[in-house]
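I opened the model today to look up helix packing and nonpolar cores. My notes follow the structure.

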Amino acid sequence: MSDRQIQDSVIRALADAPYRASREWRGLALADPTRLERFARFLARHFYYERVVHFFKYSRALAQVTGRRPEAVLHSAGFDALLSTAVLGSRATARAVAALAVHHVRPAGAAQSIPYLDDLLAYEEAMMVAEAGPRVWRDEPREGAARSGEQFPPEKVEGTVLLDLAYDLPAVLPKLLQPWTEVPRVAPLRVKLLIARSPHGRVTVARADAAVASVVELADGRKTLPELAREAGLRSDDLEATLAGLADLGAVRFATGS
């Protein structure tokens, strides 16, 4: 093995628990297993501490009412058990860690004092999951008509989420991060939020009207533009404009060639 291959193998072992337990890695005998495992768990706790604190910052602001700081879950038995299968940065591990945080933050009876807590936790969980997963670090030259919707049917990108909320959450989120003595209130109002991530990892949240929600739900990589327009009840021009906006957000892509 070259020095670069050795370095890559060690880095992968630190980030990827299944690889760390594999015969392939153990056969290399590059590091003491006990010390490597201890350091890998330290890195995982630090990695997800930063993400939980960032994506669950609104729940963190409500800790004075709930008594639950989301990052405390990283010292729980549930998180310790997860470390044996964790792959840092993967969507599956992000989903598992976010679920642990949601379960920890939602105490019995909290919904009485914070009616929108369930909506808030669903939003924070979706944000953390959307940010995870592989991303493009360097753009490669495109060949041919890469974004022709007529040639390549649009499909929803994995990780894109449509949240159907009972409260106007965007109206209350800024208030939670400001000084307050009573829990900020917000009126009940049905709201759809679209959460999407660009190939480079930029997560965007936008209000979604019925047309946008319909296109996102129907874009399966098989329907042509005329079929999608007919099922979504949109004119061709409106559909193309909607798809262009969704593609810029990273919510949809074209099935082949993009």
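**Entry: model.** I am working from a predicted model.

**Entry: H4 and H10.** I looked up helix H4, residues 33-55, against helix H10, residues 117-131. Their axes come within 9 Å. They cross at roughly 135 degrees. Angles over 145 would count as roughly antiparallel, and 65 to 115 as roughly perpendicular. H4 and H10 are therefore oblique to each other. I noted the handedness too: the crossing of H4 and H10 is right-handed.

**Entry: residues at the crossing.** Which residues of H4 and H10 meet? From H4 I listed Tyr48, Arg51, Val52 and Phe55. Their partners in H10 are Glu124, Met127, Met128 and Glu131. I sorted the residues of this contact by class: 5 are nonpolar, 3 are charged and none is polar.

**Entry: largest nonpolar core.** How many residues does the largest nonpolar core have? I found 40. Phe56, Tyr116 and Tyr123 have the most contacts inside it. Elements giving two or more residues to this core include H4, H10, helix H7 (77-82) and helix H8 (91-105). Helix H11 (169-176) is also on that list, as are strands E2 (161-167) and E3 (188-197). H10 supplies the largest share of this core, 8 residues.

**Entry: Tyr116.** I set aside residues up to four places away in sequence and looked up what Tyr116 touches. The list reads Tyr167, Leu169, Val172, Leu176, Val183, Pro184 and Val186.

Note on methods:
Residues are numbered from 1 along each chain as its sequence is written. This is a predicted model: local features need pLDDT of at least 70, side-chain atom pairs count only at pLDDT 80 or more; totals for chains, interfaces and linings use all residues. Side-chain values use heavy atoms; hydrogens and water are left out. Axes are lines fitted to C-alpha atoms, for helices over the stretch in contact, and angles run from 0 to 180 degrees between N-to-C directions. Helices (H or I, at least four residues) and strands (E, at least two) are DSSP runs, numbered from the N terminus. Angles under 35 degrees count as roughly parallel, over 145 as roughly antiparallel, 65 to 115 as roughly perpendicular and the rest as oblique. A crossing is left-handed if the near helix is turned anticlockwise from the far one by less than a right angle, and right-handed if clockwise. Contact means heavy atoms within 4.5 Å. Ala, Val, Leu, Ile, Met, Phe, Trp, Tyr, Cys and Pro count as nonpolar, Asp, Glu, Lys and Arg as charged, and the others, Gly among them, as polar. A nonpolar core is a set of buried Ala, Val, Leu, Ile, Met, Phe, Trp, Tyr and Cys residues joined through side-chain atoms within 4.5 Å. Buried means under 20% relative accessible area, exposed over 50%, partly exposed in between (1.4 Å probe, protein chains only).
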